[in-house]
Amino acid sequence: MSSATSTNSKDTKENEEKTTMLAYAITKPGNNQGELIHLPIPKLEQPNFCLIKVLRAGVCNTDLEILQGYMGFQGVLGHEFVGVVESINTNDEDVLKEWVGQRVCGDINIGCGDCGVCANDYGYDDDNGCGSCCHNMSRNHCPNRSVLGILQCNGCMAEYIALPLCNLHKVPDGMSDEVAVFSEPLAAACRIVEQKLVRYDAGEKRKPDKVAILGDGKLGLMIAEVLGREHISHFGNDDNDGTTPPKPVLFGKHLSKLKLVSVSGVNGCLVEEAIDKSAFNGVSSKHAAKYDVVVDATGSPAGLTLAAGLCRPMGTLVLKSTCAAGEQFNAAPFVIDELRVVGSRCGPIYKALELLNLKEEGVDSSSLKPLNVEKYITRVFPLSEAPEAIKCAAERSTMKVQIICD
């Protein structure tokens, strides 16, 4: 096996002298406090793995669920990051020249590369039309995968991480670290588009899909940013001419959060307007069964019931939430209305970086608006204050917390 090789630099020499790093870790599953510990800096024992110095990490709702026992994870937390490649386990000088010193974000799933899914031995075709089906299957669904900060792989709330080179995506010049960290959650929202779960083309007997997004938390807002812009890219930004399909509707509990996406191609609506406890399914007649596609991003099992009531019979219900809490599940609405329930998980980082890199020049009413994700950042903490960062992220009023790791 090749030894880890990189360009000769001051940082590399310092790393050779430094053997341990600070990290925020779960020492036992369900430890909702976590703790700061010192661990050895990752060693690059596998070919083409990269040592990455983490610049910033984001705190995700999944991290909070993991602290409550989701996935039974034990190790360093975190999967949203931007960092700098410091060394690579390769002797390929061209690869070293291209990547060492490069700022990167990364796919969080690490496939084995040897199974039938990764090799496409099962002949997966592109049934859903998303393109590159084999790549997407391997990226998300290798049965032997590890997942950064979630499953059998130490995460990015640390000074260093190790990931395969094939997982990395270059951060555009001029993009700030705080913006680049949003690439992973935004990519999860982009996955809905990649899966082609929303139909935008109109046929002789069918109109474009009406879309509802349920939940105005961090993920719900990212989904609204993406699906709103996707709507604008197809139909423009004016839905008052009588011919343009209505914009996606974001249902949430907080007017202040709904206003954050007011220029993003969606219409905001307080979730209480969709609820009618006197109705048999608990949904008001104005919104019951009115949407072809409903995306549930509530982070709560109870959100499924409302999502099912918003969705028309034989419509599509997209599940974006993971939740450690359990609740009795009533399958009747899904069976009776023959709903198509689709899970949606990790998405294309490169597409998220493209959206984050949109510029203001030439923007008009029919163009995609630049994404101002900085407005979602509530507080920033140093890694040494990671426990405080987690507590802040768990507060209801918090949008996004980031951790500076360098």
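Predicted model: local features only at pLDDT ≥ 70, side-chain atom pairs only at ≥ 80, totals over all residues.
Student: Where should I begin with the nonpolar cores, and which residues have the most contacts inside the largest one?

Tutor: In soluble globular proteins, nonpolar side chains tend to be buried together. Here the largest nonpolar core has 55 residues, and Ile52 and Leu168 are those with the most contacts inside it. Among the elements that each supply at least two residues of this core are strand S1 (20–26), strand S5 (80–88), helix H3 (93–99) and helix H13 (386–393), while S3 gives the most, with seven residues. Leaving aside neighbours within four places in sequence, Leu168 is in contact with several residues, including Ile52, Val85, Trp99 and Leu163. There is also a second, separate core of 45 residues, which includes Ile192, Ile213, Val318 and Ala352.

Student: How do I read the sheet of six strands, and what is the order of its strands?

Tutor: Strands of a sheet pair through backbone hydrogen bonds, either parallel or antiparallel. In this open sheet the order is S13-S12-S11-S14-S15-S16, and the pairing is parallel. Strand S13 (267–270) and strand S16 (340–343) are the edge strands, each pairing on one side only, and from one strand to the next the twist averages 20°. Between S12 (residues 249–252) and S13 there are four bridges, and Gly252 stands opposite Leu270 in S13.

Student: Which strands does helix H8 touch where it packs on the sheet?

Tutor: Helix H8 (residues 218–235) touches S11, S12 and S14, and its direction makes about 160° with that of S11.

Student: How many aromatic pairs does a search of the whole structure find, and how is such a pair described?

Tutor: A pair of aromatic rings is described by the distance of the centres and the angle of the planes. The search finds two pairs. The rings of Tyr200 and Phe235 have centres 6.2 Å apart and planes at 45°, so this pair is tilted. Tyr200 lies in the loop between H7 and S11 and Phe235 in helix H8, so the pair ties together parts that are 35 residues apart in sequence. Tyr200 is buried at 15% relative accessibility, whereas Phe235, at 23%, is partly exposed. For Phe251 and Tyr291 the centres are 6.0 Å apart and the planes at 90°, so that pair is edge-to-face; Phe251 is in strand S12 and Tyr291 in strand S14, and both residues are buried.

Student: Finally, how many disulfides are counted, and are Cys269 and Cys392 buried or exposed?

Tutor: A disulfide is a covalent bond between the sulfur atoms of two cysteines. In this model the count is zero disulfides. Cys269 is buried, with a relative accessible area of 9%, and Cys392 is buried at 6%.

Conventions. Residues numbered from 1 in each chain as written. Heavy atoms only, no water. Disulfide = S-S within 2.5 Å. Buried < 20%, exposed > 50% of the residue type's maximum accessible area, 1.4 Å probe, protein only. Core = buried A, V, L, I, M, F, W, Y, C linked by side-chain atoms within 4.5 Å. Contact = heavy atoms within 4.5 Å. Pairing = 2+ DSSP bridges. Axes fitted to C-alpha atoms, helices over the stretch in contact; angles between N-to-C directions. Phe/Tyr/Trp six-rings, centres within 6.5 Å; stacked < 30°, edge-to-face > 60°.
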